[in-house]
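Please keep the sequence and the structure in view while reading.

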Amino acid sequence: MAVSINVEKYLGLKTPIKVKVSVKNTRRVYQMNLRLMKMQRTTSKIDSQNQKLNDKTDDELTDEQRDKLLGDQITMMNSMNEMLTNAEQFVLDILRLSDKYRAKLDDLTQTELLDLVSFITSKVTGTEPEKSDDSKKA
């Protein structure tokens, strides 16, 4: 079985892309979702650990606390960068797009890229969200 995925809004392709609902593609979806959850867990964990430190002014922080905050920020940035790279590769792989589309993906905002990933994963797994009342009126 295959699903038709219309990515014109994101990539400008007029023709919907057929994606086979295979074990391979389902695995790709699960792996992408796992990466997103791990990134979310990392950022949540760091945010909660540093809540008290974030409320302090720079003068109130010890060198050790300042170093910990900086190290945690680096960890979060690395995690987010890795997530964006994985999201781009996921889209290229599952839609079987050539690398020339990487530039188009790079031009998307982070929100647009993650919306595209969510849209693709919902189509492949058959868990498309119900349309809101606003979209039914259109």
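## Helix α4

The buried residues of helix α4 are Leu69, Asp72, Met76, Ser79, Met83, Asn86, Ala87, Glu88, Phe90, Val91, Leu92 and Ile94. Here, buried means under 20% relative accessible area, exposed means over 50%, and partly exposed lies in between (1.4 Å probe, protein chains only). Helices (H or I, at least four residues) and strands (E, at least two) are DSSP runs, numbered from the N terminus. The model is a predicted one, in which local features need pLDDT of at least 70 and side-chain atom pairs count only at pLDDT 80 or more, while totals for chains, interfaces and linings use all residues. Residues are numbered from 1 along each chain as its sequence is written, and side-chain values use heavy atoms, with hydrogens and water left out.

Helix α4 covers residues 63-94, and its 32 residues should span 46 Å at 1.5 Å a residue; the end C-alpha atoms are 46 Å apart, which agrees. The expected span is 1.5 Å times one less than the number of residues. An α-helix has 3.6 residues a turn, so residues three or four places apart point the same way.

Glu88 belongs to helix α4. Is Glu88 buried or exposed? Glu88 counts as buried because its relative accessibility is 11%. Leaving aside residues up to four places away in sequence, Glu88 touches Arg102, Leu105, Asp106 and Leu113; such contact means heavy atoms within 4.5 Å.

Arg96 follows α4 and lies in the loop between α4 and α5 (102-107). Although Arg96 is not a glycine, its phi is positive, at about 55°. With a relative accessibility of 58%, Arg96 counts as exposed.

## Helix α2 and its surroundings

From its first C-alpha to its last, α2 reaches 38 Å with 27 residues, close to the 39 Å expected at 1.5 Å a residue. Its buried residues are Asn25, Thr26, Val29, Met32, Met39, Thr43 and Ile46. What do the buried residues of α2 pack against? They pack against β2 (17-20), α4 and α6.

Met37 is also found in helix α2, and Met37 is partly exposed, with a relative accessible area of 49%. Between Met37 and Met83 there are 46 residues in sequence and 9.9 Å in space, C-alpha to C-alpha.

## Where α2 meets α4

The axes of α2 and α4 are 10 Å apart and form an angle of about 165°. Axes are lines fitted to C-alpha atoms, for helices over the stretch in contact, and angles run from 0 to 180 degrees between N-to-C directions. The two helices, α2 and α4, are therefore roughly antiparallel to each other. By angle, under 35 degrees counts as roughly parallel, over 145 as roughly antiparallel, 65 to 115 as roughly perpendicular, and the rest as oblique.

The crossing of α2 with α4 is left-handed, a term used if the near helix is turned anticlockwise from the far one by less than a right angle (right-handed if clockwise). Among the residues that meet are Val29, Met32, Met39 and Ile46 in α2, and Met76, Met83, Ala87 and Phe90 in α4. By class, this contact of α2 with α4 has eleven nonpolar, seven polar and six charged residues. Ala, Val, Leu, Ile, Met, Phe, Trp, Tyr, Cys and Pro count as nonpolar, Asp, Glu, Lys and Arg as charged, and the others, Gly among them, as polar.

Helix α2 (residues 23-49) packs on helix α6 (residues 110-125) at an angle of about 140°, with the axes 10 Å apart. That makes α2 oblique to α6. Their crossing is left-handed. Residues making the contact include Asn25, Val29 and Leu36 of α2, together with Leu114, Val117 and Thr121 of α6. The residues of this contact of α2 with α6 comprise seven nonpolar, five polar and no charged.

The axes of α4 and α6 come within 10 Å and cross at roughly 45°; α4 and α6 are therefore oblique to each other. The crossing of α4 with α6 is left-handed. Glu88, Phe90 and Val91 of α4 are among the residues in contact, as are Leu113, Leu116 and Ile120 of α6. The contact of α4 with α6 divides into twelve nonpolar, two polar and one charged residues.
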